[in-house]
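Let's take a walk through a protein model together, going from the place where its chains meet to what lies inside them. Keep the sequence and the 3D view open as you read.

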Amino acid sequence: MDYSLKICHIYPDVLNLYGDTGNILALQYRLKQRGISVSVDKLMVNDKLENTDYDIYFIGGGQDFEQDVLLKDASVNKSSAIKDAIESNKVFLAICGGYQVLGKYYKTWDNKRMDFIGALDVYTIGNKDRMIGNFMYELIDHPGNRIVGFENHSGKTYLGDSVKPLGKIIYGKGNNGEDGYEGARYKNVFATYSHGPLLPKNPYFCDLLLETALKNKYGLEFKLSELDDTFENRAHQYIESRLSK
Amino acid sequence: MRKFIAIVLSKLIHFILRLFNRGATSFPGLVALKIDKNILKKISKNTKTIIVTGTNGKTTSCRMISEILKENNVSFFENKSGANLKNGIVTEYVLNSTVFGKNKYEYALIECDEAAFKTVSTLVDPKYILVTNVFRDQLDRYGEISNILENIKIGILNSKNAIVCLNADDSITSSLKDEIDNKVFFYGINVPIYKNRVNEASDALYCIRCKHPYKYKYITYGHLGDYYCDNCGYHRITPNISVERLISSDADSSNVEIKYNDELYEVNINLPGGYNIYNALGSLAVSKVINLDINKSIIALSKFESGFGRMEKFVLDGVNVRMILIKNPAGCNQVLNFLSNLEEDSNFVILLNDKYADGTDISWIWDVDFEVLNSINSKIKNIYVSGIRKDDMALRLKYAGFNNIKVIESYEELIRESIKDKLDVYIMPTYTSMMDLRSIISKKYGYKDFWE
C-alpha cells in the first residue's frame with residue numbers, strides 16, 4: 001500500500017525567524033527515506049485554513065513586530081480551524097512563538113494583555129530577562145529519550161490543568177525557569193520552546209510525530225524502518241555531552 | 001594625570017602582548033578604561049570620527065573607505081583588525097594618540113558593532129555615520145531584528161552632529177530618517193541586479209509604519225529593493241548617489257554605472273557580488289559627505305583588495321584558497337549565490353563555531369539555502385566540515401543533498417586535505433574559526449597574521 005502524509009505549515013511568512021523551517025525539512029526527509037510520499041501546504045497571512053485532510057500541522061517562532069498582523073489574521077482565517085484540528089487529534093508541532101500563540105493569552109511585564117488563539121490551556125507572561133541557551137529535557141512519556149535544542153524567549157509559560165508538560169528539564173530554563181518543566185502536551189499537540197531546529201537532531205522525536213500521524217490516518221500501529229542516523233546522532237550527542245559536563 | 005597613565009599603560013601592554021605574538025586588540029582598551037573611564041571621550045576630541053555600523057558589510061565598507069581616504073591623501077587611522085566592540089575601539093584610539101592624549105590623525109575610521117554603537121556614540125561624538133543594512137543576525141544576542149534597529153537609532157540620537165548615510169533600498173534602516181534630526185544622505189541601487197536569486201526569507205514583509213504588506217517594483221536581494229506600502233504611503237526615497245546600470249560582473253569584480261549630481265561615472269568594483277556593490281555605494285556616499293574628489297574615490301574602488309576573511313585569497317602549495325566569512329543567513333546566502341556561478345571544479349570547506357562572537361545559536365544555518373549549491377554539484381569535489389559545531393553543519397549539508405561530506409576535527413589536517421587535489425578551495429568560516437584558521441595558515445605558510 002502507498003502511504004502518504006499531508007503537512008500544513010502555518011505562517012511560514014511571519015513565523016520563520018530561527019531556522020524552524022528545518023523541522024519541515026526533517027519531516028519530509030524522514031518520510032521520503034521510508035518511501036512515504038509527503039506534501040506541504042503553506043498557509044500564510046490572508047490564506048483561509050480549511051481542514052481538508054492535513055495530517056500534521058507546524059507553526060514556528062517569530063518576533064513580536066508581526067504579532068498583531070498575525071493575530072488579526074488568525075481570528076478571521078485560522079483560529080477555528082486550528083481548534084477543530086487539535087480537538088480531532090491531529091498532530092500539531094508548535095515552536096516558541098507558535099507555542100505561545102496557541103495559548104489563551106500573553107500578558108506583558110507592564111500588565112497589558114493580548115488574547116491569543118485559545119486552542120491550548122496555557123498562558124504566557126512577558127519578562128524583562130531572556131532565557132537563552134542550549135538546553136536539554138527528557139520526554140516525560142518516553143523516559144530515557146532526551147531532546148536537545150536551543151531556547152530563546154522572554155515569555156514565561158504556565159500550563160493549565162488540561163495540559164501536561166512535554167519534558168522534564170535536565171539543563172536550561174524551559175517553560176518558565178521555575179517549575180523545571182518544558183513544553184506542553186495536549187491530545188496530539190507537541191509544543192516546545194526548542195529551536196535548534198528541533199527535529200533534525202532529535203530523530204527519535206521526529207519519528208514519534210510521524211508514527212502518531214500515520215497511526216491517526218491509517219488506524220495501524222506504525223513502526224518506521226530504521227535509517228542511517230549517524231549524522232543526526234553525532235549532532236545530538238555533541239550537545240548532550242556538552243550539557244552534561 | 002589619569003589619562004596619561006591610562007594611555008601609557010595601555011600602550012605598554014599592547015607592546016608586550018605583541019612581543020609574545022598575541023592579537024592584543026581588546027585587553028589594552030579594557031585596562032585604559034579601568035584606569036580612566038572617560039578616556040575615550042578625552043582622546044577622541046580632536047579627531048573627526050566616521051562610524052560604520054549595520055548587520056552585513058561593515059568591515060568591507062570600512063576597507064573601501066580606507067582605500068578612498070588613502071587615495072585622497074587624507075590622514076586617518078582605523079580599527080584594522082575588525083575589533084568592533086567597545087574595548088577594541090578604545091585600544092585603537094589609544095594606540096593612535098600621543099601619550100598626552102592628542103590624536104595624531106584628522107579622521108578616525110571606526111567599524112562599530114550595532115549594540116556597541118549605543119555606548120560608543122556617547123563617548124565619541126561621531127561626525128559621519130554609515131549604516132549598511134539590518135538583517136536577522138545573532139538573534140541570541142539581540143532577541144529580535146527590531147532590537148538591532150533600536151540600538152542603531154539610539155546611537156544616532158546620541159550623535160547630534162553626525163551626517164548619516166542610509167541605504168535607500170532597506171525599508172528597515174531607511175525608517176530612521178523620520179526618527180532622527182541629523183542630515184541624511186541616501187545611497188541605493190536603481191535597478192534589479194540578480195538574474196537568479198536564492199530562496200530566502202524576507203526580514204521585512206510588513207510595513208514598519210502601518211504593518212501592511214510591502215509591495216516592490218524590484219528586489220535586489222533579501223528585503224532590499226524599491227519597496228512601497230500602498231496603505232500608508234511609506235516608500236523608498238530616491239537616493240542621492242545611485243547605481244543606474246550593472247554593466248558586467250564576474251567572479252572577481254563588478255562594473256557599474258553610478259550617478260551623482262546628474263553626472264554618470266563608470267566604476268569598477270574590485271570585489272564580486274551584489275552585496276559588494278552596496279558596500280561600494282555606501283563608501284562613496286561617505287566620501288561625498290566628507291567632500292572628497294569622486295574620481296579619486298572611484299580609482300580607489302578599482303584598486304581595492306579585500307579584508308581578511310572577506311574573499312581573501314591565499315596561495316598554499318600552489319593552490320588558490322579563498323576565505324569568505326559567513327555569519328548570518330543574508331550574508332551566507334549572498335556568498336552561495338556567488339559560488340553557485342563558479343565554472344571550475346573546486347573543494348569547499350565550511351567551519352562552524354558557536355562562541356559569543358559567532359553567535360551561540362547556530363540554527364541560522366537552516367535559514368540558509370545551501371540547496372542552491374546543487375546546481376553545481378558536479379563541480380564540488382568534496383565538502384569538508386569543521387569547527388566546534390561541525391556535526392550540526394554536516395547534518396545540514398546532508399539535508400541539502402550532499403553525499404561527499406568529510407568531517408575533520410584538526411585544522412592542520414583540514415588544510416592539508418582540502419588542497420591535496422590541487423583544485424581551487426573556497427573556505428566559509430564563522431568569525432572565531434576564521435581567526436584560528438588564519439593563525440595556522442600564517443604560521444605554516446608565512447602569511448601575515450590579522451594584526452599585521
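Start at a pair that spans two chains: K201(A) forms a salt bridge with D392(B), and their closest N and O atoms are 2.7 Å apart. A salt bridge here is a side-chain nitrogen of Lys or Arg within 4 Å of a carboxyl oxygen of Asp or Glu. Side chains of opposite charge can pair when their charged atoms come close. Before going on, note that this is a predicted model, in which local features need pLDDT of at least 70 and side-chain atom pairs count only at pLDDT 80 or more, while totals for chains, interfaces and linings use all residues. Residues are numbered from 1 along each chain as its sequence is written, chains are lettered from A and ligands numbered from 1 in the order in which they are written, and side-chain values use heavy atoms, leaving out hydrogens and water.

Now widen the view to the whole interface of chain A and chain B, where the rule finds 3 salt bridges. Which elements of chain A give two or more residues to the side that touches chain B? They are α1 (21–32), α2 (67–87), β8 (131–139), β9 (146–153) and α5 (230–244) of chain A. These helices (H or I, at least four residues) and strands (E, at least two) are DSSP runs, numbered from the N terminus. The largest share of this side of chain A, 7 residues, comes from α5(A). In total, the contact (heavy atoms within 4.5 Å) takes 36 residues from chain A and 32 residues from chain B. Together the two chains bury about 3,100 Å², with 56% of it on carbon and sulfur atoms. Buried area is the accessible area (1.4 Å probe) that two parts lose on being put together, summed over both.

Salt bridges turn up elsewhere too, and the count over all chains comes to 37. In chain A, D73(A) pairs with K78(A), the closest N and O atoms being 2.8 Å apart. Are these two residues buried or exposed? D73(A) is buried, with a relative accessible area of 5%, and K78(A) is buried at 1%. Buried means under 20% relative accessible area, exposed over 50%, and partly exposed in between (1.4 Å probe, protein chains only). The side chains of D115(A) and R113(A) also meet in a salt bridge, at 3.1 Å from N to O, but D115(A) and R113(A) are exposed.

Over in chain B, E179(B) forms a salt bridge with K153(B), with 3.2 Å between the closest N and O atoms. E179(B) lies in the loop between α9 (171–174) and β6 (184–189) of chain B and K153(B) in helix α8 (residues 145–157), so the pair ties together parts that are 26 residues apart in sequence.

Next, look inside. The largest nonpolar core has 152 residues, and those with the most contacts inside it are L120(A), F205(A), L339(B), F348(B) and F370(B). Such a core is a set of buried Ala, Val, Leu, Ile, Met, Phe, Trp, Tyr and Cys residues joined through side-chain atoms within 4.5 Å. Its largest share, 9 residues, comes from helix α10 (residues 274–289) of chain B. Apart from this core lies another, of 46 residues, among them I43(B) and V124(B).
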